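This report describes a protein and the ligand it holds. The ligand site is treated before the overall fold.

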Amino acid sequence: MAVISLDGVGRQFETSAGVVDALADVDLHVEEGELVVVLGPSGCGKTTLLNLVGALDAPTSGRLAVAGHDLTGISGGDLYRYRRHTVSFVFQNFNLFPGLTALENVRFGADVAGRRQGEAVAEEVLAKVGLAERATHFPAQLSGGEQQRVAIARALATGNPVLLADEPTGELDFHTGVQILGLLEAQAEAGRAVLVVTHNREISRMADRVVELSGGRVVSDGPPAGGRAPAGSLRW
Ligand SMILES: Nc1ncnc2c1ncn2[C@@H]1O[C@H](COP(=O)(O)OP(=O)(O)O)[C@@H](O)[C@H]1O
Ligand SMILES: [Mg+2]
């Protein structure tokens, strides 16, 4: 069964210039252990889509369910539990707490999800992304790639089954970007449902499935042309 399920999902925004269909009639399904890349140019609706799956926003039409939670009309305690225990985000600009160290940022992820022994979890996950020796550094003392590794570690420390990434390599040079994508790839291999949105077609080569968006609509959905390529083989 799909962990992430969108059926006929639309999101309309009313603006002073009129109604904008940011998403229209979107069907999207992501299974456990699957890495799906949503590909499309700026303005095609990628962030809107990710915000819906993360329950930062609600659809104006269609059905949306994630890990057994019906997100159509979710609110209150159900919404709070969904955010804490189901989904984790990785953003283009990292969004680390500047006043917390690398380890404390990761610990925050464990604490939000209510995990026991948060300190031990944080240390283990920070080591997994290769940053044990940076534990006491603040974000401003880390490179962009290191900051994104901390952000991924924070997402992993939650232990949540759904990982969402919005242009996670957009701020990084390709070499560092490939390292980050390798970490996301490993999460799908570990059984999480991983949804990455990007405008970079090369990144779509590492997907199990590529969903192309144009003007808020799905224009294609299938395995990458030429078959799935390991993250480490990507170049841009
Ligand atoms: N809060 C909003 N109010 C009005 N229009 C919006 C809002 N959010 C997004 N849009 C519009 O929806 C479309 C898709 O935006 P977005 O999802 O950010 O695209 P992408 O992430 O692919 O660049 C764009 O036309 C954008 O201007
Ligand atoms: Mg965007």
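## Ligand contacts

A polar side-chain atom of Thr 48 sits 2.6 Å from an oxygen atom of ligand 1, a polar contact being a pair of N or O atoms within 3.5 Å. The protein covers 59% of the 560 Å² of accessible area that ligand 1 has on its own, with areas taken from the Shrake-Rupley method and a 1.4 Å probe. The backbone of Gly 43 places a polar atom 2.7 Å from an oxygen atom of ligand 1. For Thr 47, an N or O atom in the side chain is 2.9 Å from a ligand 1 oxygen atom.

This is a predicted model, in which local features need pLDDT of at least 70 and side-chain atom pairs count only at pLDDT 80 or more, while totals for chains, interfaces and linings use all residues. Residues are numbered from 1 along each chain as its sequence is written, chains are lettered from A and ligands numbered from 1 in the order written, and side-chain values use heavy atoms, leaving out hydrogens and water.

## Shell around the ligand

The residues around ligand 1 (a heavy atom within 4 Å) include Phe 13, Thr 15, Ala 22 and Lys 46. Helix H1 (46-53) and strand E1 (2-15) each supply at least two shell residues; H1 gives the largest share, 3 residues.

## Overall fold

The protein has 6 helices and 10 strands, assigned as DSSP runs of at least four (H or I) and at least two (E) residues. Along its principal axes the C-alpha trace spans about 50 × 45 × 40 Å.

Note on methods:
A polar contact is a pair of N or O atoms within 3.5 Å; within protein, one must be able to donate a hydrogen and the other to accept it, and residues adjacent in sequence count only if both atoms are side-chain atoms.
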